[in-house]
Amino acid sequence: HGVSKFKVEPTYPEGALKVLVVEDNAELKVYIYNSLSDRYEVRDASNGKEALNVISSGWIPDMIVTDLMMPEMDGIELVNHIRNDFSTSHIPVIMITAKHEDDTQVKAMKYGADGYIAKPFTMELLTARIDNMLDRRKALISRMSEQKKVDISPEEIVITDKDEQLIKKV
């Protein structure tokens with residue numbers, strides 16, 4: 001079966017998590033969009049600059065899948081922007097790249113990507129990676145919200161000799 005050049009009508013469930021797909025190859029972008037749009041609310045962009053415009057419009061994704069090599073703003077620059085902004089620094093990022101050298105993988109992780117997939121990849125691998133990351137994030141958030149509140153009331157106040165002298169002087 002051939003890959004469609006057109007986006008399918010999204011059929012994601014109510015309250016679905018949001019995934020931003022950033023890919024300059026139009027066919028691959030549409031393929032990823034179509035593969036995810038029945039489970040996630042998907043938006044797409046052709047480069048990092050477009051992705052930041054989508055985010056700054058107020059649509060904050062739960063996950064970003066981005067290509068590494070793109071015109072105008074590449075994946076590493078995009079991740080840099082996301083990690084340096086408090087409102088987006090928590091978003092997990094999966095980086096897709098055609099390069100197979102280990103240093104590219106290291107670079108992607110060093111710049112703040114949470115996962116890495118080399119082209120060519122199967123859609124099953126990408127969706128499994130997305131699901132895993134989002135599930136881990138959900139589990140972490142629920143664990144953090146279940147933790148007991150920490151009591152930080154001060155211990156009995158200790159007054160040193162110097163403090164006592166100062167108080168007597170005053």
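Which side chain makes a polar contact with the side chain of D44? It's K7, and the two side chains come to 2.6 Å of each other in that contact. Keep in mind that this is a predicted model.

**Around D44**

D44 sits in strand β2, which covers residues 41-45. Is D44 buried or exposed? Its relative accessibility is 18%, so D44 counts as buried, the cut-off for that label being under 20%. If you skip the neighbours within four places in sequence, D44 touches K7, L20, V21, K29, Y33 and V54. K7 therefore turns up both in this contact list and as the polar partner of the D44 side chain, with D44 being buried because of its 18% relative accessibility.

**The sheet**

Now for the strand's surroundings. β2 belongs to an open sheet of 5 strands, paired in parallel and ordered β2-β1-β3-β4-β5. The edges are β2 and β5, each of which pairs on one side only. From one strand to the next, the twist averages 20°.

| Element | Residues |
|---|---|
| Strand β2 | 41-45 |
| Strand β5 | 115-118 |

Methods:
Residues are numbered from 1 along each chain as its sequence is written. This is a predicted model: local features need pLDDT of at least 70, side-chain atom pairs count only at pLDDT 80 or more; totals for chains, interfaces and linings use all residues. Side-chain values use heavy atoms; hydrogens and water are left out. Helices (H or I, at least four residues) and strands (E, at least two) are DSSP runs, numbered from the N terminus. Buried means under 20% relative accessible area, exposed over 50%, partly exposed in between (1.4 Å probe, protein chains only). A polar contact is a pair of N or O atoms within 3.5 Å; within protein, one must be able to donate a hydrogen and the other to accept it, and residues adjacent in sequence count only if both atoms are side-chain atoms. Contact means heavy atoms within 4.5 Å. Two strands pair if DSSP finds at least two bridges between them. Axes are lines fitted to C-alpha atoms, for helices over the stretch in contact, and angles run from 0 to 180 degrees between N-to-C directions.
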